[in-house]
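Subject: Structure handover

Hello,

Here is the structure you are taking over. My notes on it follow below.

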Amino acid sequence: MGGPSKGTGIATREAYGEELAKLGEENKDIIVLDADLSTSTKTAVFGKKFPDRFFDMGIAEQNMIGVAAGISFTGKTVFASSFAMFASGRPWEQIRNAVCHNNANVKIVATHGGISVGEDGASHQALEDIAIMRAIPKMKVINPADGAATRKIIREVASDFGPTYVRLSRPKFPILYDDSYSFKIGRGNLLDDGSDCAIIAIGYEVNESLKAAEMLKAEGISVRVIDMASIKPLDSGLVLKAARECGCIVTAEEHSIIGGLGGAVAECVSAGYPVPVVRVGVKDVFGESGDFLSLLEKFGLTAPHIANAVRAAIKMKA
Amino acid sequence: MTAYALVSDKQFIADKCLLHRRHVVKMVRLTNSGHIGGSFSATELLSTLYYSFLKHDPQNPKWDGRDYFIYSKGHISPLAYSILADCGYFPKAELATFRKLGTRLQGHPDRNKLPGIEASTGPLGEGFSMALGLALAQRVDRKPNHVWAITGDGEHQEGEVWEAIMAAGNFKTDNLTIILDYNKKQNTCEVNKVMCLEPIADKYRSFGWNVIEIDGHDIGQIMDAYRKALAFKGKPTVIVAHTVKGKGVSIFEQEASGFHGAPPNDAEFAKAMAELGPAKEPDFF
């Protein structure tokens, strides 16, 4: 796979750690919890600066989420972090009831999402987190595409009220954006315009989608590329516009093809403007150990696979 | 802002307990659903807290100086609602809407619907963690507000409870008092037949807690325990309150689950109201 166009940046979790510490300086009502992974989730940066506002809750995610809700009831903004598997899966019912049903101002920032955790293998690779978070009323679900986007997104999420799940990744990501990137909850970002097919992607897959679009351009196929960092609320206006103007859609995510971004887009399109939707993602299987890039190849998440999906989607157009 | 006027008259509280037990039976009867047994075991514990100890203001539920109370055993909502209505959080007539469509008096307490409810609870174990969160938040803000929560014995079978017990002991949250309504029965039958908790006091002690054991129906012992809990420094306190599920009505006490979650039929309702006897003030209907 080719190198990123603007060079290698930092991991989204690193950007999170740095931005959270900055926010901690500006807002004394930010409290941060972690479950013994702060050196990996990077909340340790905040913890070192503000030890009175940081609690390591130990390896006990269910209690961490309940505690986060309780703290938020006093008007505070609480960030709670762990790996995506243990931040979303282990305490799902606490997130559903203690956080979302209470409408608690809790931000669950999950790092090491998807197969990006790599060598740790299937047990640690959250491939269903977007689906199970998205299904909960009041929950917002955000997945940034690079470090610069993460900084803006964390800042926006901190100033917004209510339950939010932010999915971050382990490895360094290519640089996609500079400081001019702006993020609004519920808005996607049009990166490349085109009219034969639209690729809607999140996270690392935005890079692969741009590469796929470049490959297809050589074949005379005009592809639109959208970064849909805000999976919920989804930018349905942008999705339906893509459906109308391109006539078919490919989604790309480092997540199961069941219930994630692809599910959200398919739900939106089927209700608003039915066109073919081909979902690129992990095909209802568990992951396995390996380095991130090898895993992307193994699970069919690289640019050539996305390009194939685009060709297939175009063929499905009536 | 003035807090709710607290009283220390034991007879006053005993009279209120009778009123609340009558209300609980009537509410559950009226809507044909709800939890009587656990409400009855906790009646003295909560009445003593609300009328004699808890700093709160029904006219200003979000008063900054208030203590927090969390119903971790959220299924005792009929008792919660009867007490909150009597304190003045909402009109008593609203008790007749319990568990009915459109009500603020949801099956389990909802903080976004009803004033006086600090946390939406019901799923067991979660209120315990939320109470701990509130206690930690008071520490961050260096505020003296106390956090109270009532928890069930069966609830202690939840792993989350033990995570919270470990964390509270670790953080030495002495501004947190947990009331364990140890009525010895759960949904199926006796707690010890389902999943034994003993030795529960020793378990709490070994997790770094101050433990007080009392008869949870003796108002004098309850008052004494609450005073000691508020004064104790350096550790969170658990009050292991030995209670009787369904306390005050023989058929409730004798039932295998302590009349956990079933509504009374005609005969049971009549017998319960007769055994409880008339209250000193009129019921809500």
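Two residues are counted as in contact if their C-beta atoms, placed from the backbone, lie within 7 Å. Please keep in mind that this is a predicted model.

On that definition, the contact between the two chains takes 25 residues from chain A and 21 residues from chain B. On the side of chain B that touches chain A, two or more residues come from each of helix H5 (126-140) and helix H6 (159-171) of chain B. H5(B) provides the largest share of that side, with 10 residues. Sorted by class, the side of chain B that touches chain A has 11 nonpolar residues, 5 polar and 5 charged.

Next, the sheet in chain A. It is an open sheet of 5 strands, and their order is S9-S11-S10-S13-S14. The pairing in this sheet is mixed. At the edges are strand S9 (189-192) and strand S14 (277-282) of chain A, each of which pairs on one side only. From one strand to the next, the twist averages 25°.

One pair within the sheet can be given in detail. Strand S10 (residues 197-201) and strand S11 (residues 223-227) of chain A are parallel and pair over 5 bridges. In this pair, A:Ala198 of S10 stands opposite A:Arg224 in S11(A).

Regards

How values were computed:
Residues numbered from 1 in each chain as written. Chains lettered and ligands numbered in written order. Predicted model: local features only at pLDDT ≥ 70, side-chain atom pairs only at ≥ 80, totals over all residues. Pairing = 2+ DSSP bridges. Helix = DSSP H or I, 4+ residues; strand = E, 2+ residues; numbered from the N terminus. Axes fitted to C-alpha atoms, helices over the stretch in contact; angles between N-to-C directions. Nonpolar A, V, L, I, M, F, W, Y, C, P; charged D, E, K, R; others polar.
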